[in-house]
Amino acid sequence: MATSPGAPGSYTEAGPPAGNQGTSGMAVAALVLGIIGVVSSWCLIGIIPAILGIIFGAIGRKETGPGGKTGRGMATAGLVTGIVGVVILVALIIVGAASSPS
């Protein structure tokens, strides 16, 4: 005798958890661009990926709110590393300007 689906004692396949829509692409992009921004902050071109990391990190944090996509930690890390990259670059510009002869 076969049991019908959902009958007591029968097993059914579980679907994905409700509300989980995968990892946020913006969060991944923020993390990658933030790291590139920190690594390349010694040169002026490093400002571009750092600023993009900040922007994508902010968007990624909004996407990963309650009931949204996963990857909130990556979005936060991208946001922080982007900010660090900008701060390092600005500090290097200030030090370079202060040390150059007038």
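**Reading burial and helix faces**

Reply: Ser24 lies in the segment before α1. Helices are DSSP runs of H or I with at least four residues, strands are runs of E with at least two, and both are numbered from the N terminus. This is a predicted model, in which local features need pLDDT of at least 70, side-chain atom pairs count only at pLDDT 80 or more, and totals for chains, interfaces and linings use all residues. Residues are numbered from 1 along each chain as its sequence is written, and side-chain values use heavy atoms, with hydrogens and water left out.

Me: Is Ser24 buried or exposed?

Reply: Buried means under 20% relative accessible area, exposed over 50%, and partly exposed in between (1.4 Å probe, protein chains only). Ser24 is buried, at a relative accessible area of 0%.

Me: Which residues does Ser24 touch?

Reply: Contact means heavy atoms within 4.5 Å. Leaving aside residues up to four places away in sequence, Ser24 touches Gly60, Glu63, Thr64, Lys69 and Thr70.

Me: Which residues of α2 are buried, and why do they line one face of the helix?

Reply: An α-helix has 3.6 residues a turn, so residues three or four places apart point the same way. In α2, the buried residues are Pro49, Ala50, Gly53, Gly57 and Gly60. Viewed down the axis of α2, these fall within an arc of 95° (taken from the directions from the helix axis to the C-beta atoms), so they line one face. They pack against α1 (25–39) and α3 (72–99).

Me: What pattern does the chain follow?

Reply: Along the sequence the pattern is α-α-α, with 3 helices and 0 strands.
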